[in-house]
Amino acid sequence: MSADLTLQVLEALSEVDGSILSSDAFPSIDFITIKSALDRLGSREMIIYRQIDREEAKLTPEAEGIAAEGSHEAKVFEAVRQAVQGLKIADLPGIVGKESAKVGQGKAFKEGWIKKDKDLLRAATDSIQDASREQLQTIQRTRTHPEPKVLQDLRKRKLITMQKVITFEIKKGPNYAAEFVKEETDLTADMLATGTWKTVKLKPYNFKALGAPTPSGALHPRMPHLATISSHKLI
């Protein structure tokens, strides 16, 4: 999968002049697979990338319904507005649902959208702006909101949750190419015999790499005795 992704990364970069975000270009690919492919390309300086850690807002199921159909208070207002002669309070749950009637009625009163006339509800304005729906639609598109207070309020209302997301900004490196050529690690006798060593791409050697640690030898059995004798100046 990582090998296939390296080609996808190179192809995605070939279509842009600047950088791409892994979260946009490869939203379904897991972190380990993406990191492996980027490290592979980065080791050849075909790409340059940096990791970005950020928090994103995610809509709850209730919020997704509001973004699609409108807020509870907007549903209440619309039901009342359509009842030209007024809407009986007892009839409201049957029209908008128990949850919307319970949550939305109080908010609609608070916003000044509806008013009470004995046992009837009447519209107090001709039109409204459904701010809750607009805010959630913005978050649905951008995964955030420009006003921190809005995010805080929606979290209190349990309409969004915040989650940490790791993404990568990727751009072309000095050795960028649209094709990923496999590097050979060794010069083999077959390459020399066939002449393919002239065209293959060899992986550069890392002369700064440390060799395997060499274990030290054991002391000769007589060395401790010699040390003791030497300390007593017997020799």
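Points are joined across faces, edges and corners, and the volume is the space filled by probe spheres set on them.

You're looking at a predicted model, where local features need pLDDT of at least 70, side-chain atom pairs count only at pLDDT 80 or more, and totals for chains, interfaces and linings use all residues. Residues are numbered from 1 along each chain as its sequence is written, and side-chain values use heavy atoms, with hydrogens and water left out.

**Stop 1: the largest pocket**

Select S22, S23, F26, P27, I29, F31, I34, E56, R143, V165, I166 and F168, which line the largest pocket. The space inside comes to about 220 Å³. Color by class and you'll find eight nonpolar, two polar and two charged residues (nonpolar: Ala, Val, Leu, Ile, Met, Phe, Trp, Tyr, Cys and Pro; charged: Asp, Glu, Lys and Arg; polar: the others, Gly among them).

Which element gives the most to this lining? That's β6, with three residues. Helices (H or I, at least four residues) and strands (E, at least two) are DSSP runs, numbered from the N terminus.

**Stop 2: a pair from the lining**

Keep E56 and R143 selected: they form a salt bridge, with the closest N and O atoms 3.1 Å apart. That term means a side-chain nitrogen of Lys or Arg within 4 Å of a carboxyl oxygen of Asp or Glu. E56 sits in strand β2 and R143 in the loop between α8 (131-142) and α9 (148-156), 87 residues apart.

Is E56 buried or exposed? E56 is buried, at 7% relative accessible area, while R143 is partly exposed at 31%.

**Stop 3**

Next, pick E169 and R50, whose side chains meet in a salt bridge at 2.5 Å, N to O. E169 lies in strand β6 (residues 160-172) and R50 in strand β2 (residues 47-59), so this pair ties together parts 119 residues apart in sequence.

**Last stop**

Finish with R122 and D117, another salt bridge, at 2.8 Å from N to O.

How values were computed: Buried means under 20% relative accessible area, exposed over 50%, partly exposed in between (1.4 Å probe, protein chains only). On a 1 Å grid over the protein atoms alone, a cavity is a set of points where a 1.4 Å probe fits but cannot get out, and a pocket is an open set with protein on both sides within 12 Å along at least five of seven lines; lining residues have an atom within 4 Å of a point.
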